[in-house]
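Please look through the model below with an eye to how its parts sit against one another.

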Amino acid sequence: MIGDALQGMRVLELGNRLAVGACGRLLADLGAEVIVAEPRVRRHDHKWIDRALATARRRSVLVETANDDDMVLLARMARGAHAVLISSDIEQWPEPLASALKDAPIVCDI
């Protein structure tokens with residue numbers, strides 16, 4: 001870990017774009033606990049081209065957008081996070097996650 005300036009901060013990282021992954025990595029390097037939502041079905045595009053880099057220094061949770069239980073889990077995680085990182089491809093995530101994002105203290109759309 002590079003620093004501990006963000007020690008105690010919990011961040012949920014959603015989305016497939018490289019920029020959201022880079023931001024999550026920077027926050028993790030600064031000491032935040034970053035949890036990245038990773039697709040259950042392996043992808044080979046966007047930030048998932050290099051999974052090791054896309055999840056380095058972060059915790060990972062496997063989710064499927066069509067699974068209601070997974071969306072409930074992500075909604076609960078979003079409500080418990082200090083910040084949520086998303087990218088504009090977040091539209092792929094159905095309810096109840098969209099509602100939970102409205103309640104999150106900080107939502108950063110990258």
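Helices (H or I, at least four residues) and strands (E, at least two) are DSSP runs, numbered from the N terminus. This is a predicted model, in which local features need pLDDT of at least 70 and side-chain atom pairs count only at pLDDT 80 or more, while totals for chains, interfaces and linings use all residues. Residues are numbered from 1 along each chain as its sequence is written, and side-chain values use heavy atoms, with hydrogens and water left out.

Just after helix 1, Gly-31 adopts a positive phi of about 105 degrees.

Asp-70 belongs to helix 3 (residues 68-80), and it counts as buried because its relative accessibility is 7%. Its side chain makes a polar contact (a pair of N or O atoms within 3.5 Å; within protein, one must be able to donate a hydrogen and the other to accept it, and residues adjacent in sequence count only if both atoms are side-chain atoms) with the side chain of Arg-40, at 3.0 Å. A polar atom of the Asp-70 side chain also lies 2.8 Å from the backbone nitrogen of Glu-64.

Arg-43 sits in the loop between strand 2 and helix 2 (51-55), where it is partly exposed, with a relative accessible area of 23%. The side chains of Arg-43 and Asp-45 are joined by a polar contact of 2.7 Å.

Definitions and conventions
Buried < 20%, exposed > 50% of the residue type's maximum accessible area, 1.4 Å probe, protein only.
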